[in-house]
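Trainee: Before I set anything up, I would like to go through this model with you.
Mentor: Go ahead and ask.

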Amino acid sequence: MEKDFDEIQKQIDNIAMAKKSVIALVDCDSFFVSCEQKANPELKGKPVCVMSARGQCVISRSKEAKALGIPMGIPYFMIKGDMKNATFINASHDLYGEISEQVMAVLKEFSPKVEIYSIDEAFVDLTGLERLYKRNYLEIAEMIRADILEKVDIPVSIGVSSSKSLAKLASDKAKKMNAGIFLIGSRKIMPVLERTSIDEIWGIGKNLSILLRKNGVLTAAELVKQSDIWLNKQIGIRGLEMKHELLGETVSPVSNEVKLPKSIQKTSAMAKFTSDKEYLKNSLNYHIHRACVKLRKLNAKCHVIGIMLRTKDFKVYSDKRVLNTPTSFELEISDLIFEMLEEIYNPNILYRSTGVVLENFEYNKEAQLSLFVDNEKELKKEKLAKCFDKLEAKFGKDIIQTGFITDDV
């Protein structure tokens with residue numbers, strides 16, 4: 001028991017020693033809709049909704065669409081008759097990825113430390129930038145917001161405080177303000193926490209919310225008033241970190257270290273239900289290329305590849321292969337994907353979607369040349385792949401399309 005107490009105290013001491021920073025969370029407003037409005041300016045100021053695959057559900061709404069009362073996640077068939085003034089667009093995730101990169105590039109012009117949290121959010125370390133820009137932190141946030149709007153044509157909301165949790169809370173509040181910026185300084189922390197329900201705290205899900213409410217903890221202010229020992233017992237180390245982050249201590253600093261994702265998945269519904277194998281191959285080829293492009297951007301290769309076929313009745317058939325030599329080359333991956341296709345394909349089944357998954361990555365700098373592989377051939381593949389990427393960078397996405405030999409040949 002004494003040992004457990006000492007360990008808890010050590011964790012508390014480590015958190016208490018955390019250095020205070022100034023952190024901004026930059027969050028793109030209605031990002032998917034904003035991207036569509038950037039691509040088609042005629043949509044600006046109009047009720048617009050972006051739909052999930054094949055237009056099934058609403059996944060992003062303009063403020064005008066929100067004003068019409070269109071709920072997030074509602075299926076299209078439930079509202080198409082009542083919302084004739086609204087524009088509904090199927091999601092274009094490649095477009096959103098490209099615009100996200102442009103937003104992140106602007107942020108990196110302001111600070112050397114930018115941590116990309118999601119496709120439309122990033123933490124930016126502003127610590128010490130007052131001296132560089134000769135402006136206060138609110139004015140720096142205004143500069144960032146204006147620069148993104150000017151260079152990328154995407155509106156953003158920015159929350160600024162001394163920890164990630166408070167910056168996240170501030171960005172949520174910024175979205176409700178015309179200025180689009182909210183700053184939580186040390187004097188404002190407790191007044192803000194008193195008006196913040198525990199459900200609004202970053203990292204508190206449904207089950208944890210129920211647990212805290214059962215113990216009479218209803219607001220963020222009540223959470224930070226709990227003892228460290230009680231929080232550690234109820235929630236664990238995450239509870240301690242949450243409390244001290246909400247008190248303004250930088251428990252989790254901004255890190256610009258790029259972390260490899262566990263997998264890359266590319267999947268989408270096809271324009272029609274089909275059992276045509278050549279049609280399936282074309283769909284898979286598209287996913288293979290987009291997945292390999294993303295993998296090469298990470299400067300990585302994969303050890304595992306997989307295929308997925310979803311039927312008209314939503315049954316899923318899949319398979320995976322482990323590679324002897326990791327790769328990021330389309331033509332090498334497509335050969336194996338098509339081998340797996342032959343094994344799981346049934347001409348008597350109608351398919352609605354296809355997908356490709358790449359897993360088990362390693363950085364190229366970590367890879368070692370093998371004694372059992374034609375390394376000269378591997379280098380040629382890498383050069384060809386780089387040519388694909390350079391051509392797309394110059395002439396646009398999908399200028400390169402890989403093909404295959406049909407069964408009729």
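**Overview and two local sites**

Mentor: The chain holds 15 helices and 12 strands. The model is predicted.

Trainee: What share of the accessible surface belongs to carbon and sulfur atoms?

Mentor: The accessible surface of the chain comes to about 22,300 Å². As for burial, 45% of the 409 residues are buried. The share of the surface that belongs to carbon and sulfur atoms is 52%.

Trainee: Is Asp27 buried or exposed?

Mentor: Asp27 lies in strand S1, residues 23–28. Leaving aside residues up to four places away in sequence, Asp27 touches Asp120, Glu121, Val156, Ser157 and Lys175. Its relative accessible area is 7%, and buried means under 20%, so Asp27 is buried.

Trainee: Which word describes H13 relative to H14?

Mentor: The axes of helix H13 (residues 277–297) and helix H14 (residues 330–344) come within 10 Å and cross at roughly 140 degrees. Angles over 145 degrees count as roughly antiparallel and 65 to 115 as roughly perpendicular, so this angle makes H13 oblique to H14.

Trainee: How many nonpolar residues does the contact of H13 with H14 have?

Mentor: The crossing of H13 and H14 is right-handed. On the H13 side the contact includes Leu280, Leu284, Ile288 and Val293, and on the H14 side Ile333, Ile337, Phe338 and Leu341 are among the residues. By class, three residues in the contact are polar, five are charged and the nonpolar ones number nine.

Technical notes:
Residues numbered from 1 in each chain as written. Predicted model: local features only at pLDDT ≥ 70, side-chain atom pairs only at ≥ 80, totals over all residues. Heavy atoms only, no water. Helix = DSSP H or I, 4+ residues; strand = E, 2+ residues; numbered from the N terminus. Buried < 20%, exposed > 50% of the residue type's maximum accessible area, 1.4 Å probe, protein only. Areas by Shrake-Rupley, 256 points an atom, 1.4 Å probe, with all protein chains shown as cover. Contact = heavy atoms within 4.5 Å. Axes fitted to C-alpha atoms, helices over the stretch in contact; angles between N-to-C directions. Parallel < 35°, antiparallel > 145°, perpendicular 65-115°, else oblique. Left-handed = near helix turned anticlockwise from the far one by under 90°. Nonpolar A, V, L, I, M, F, W, Y, C, P; charged D, E, K, R; others polar.
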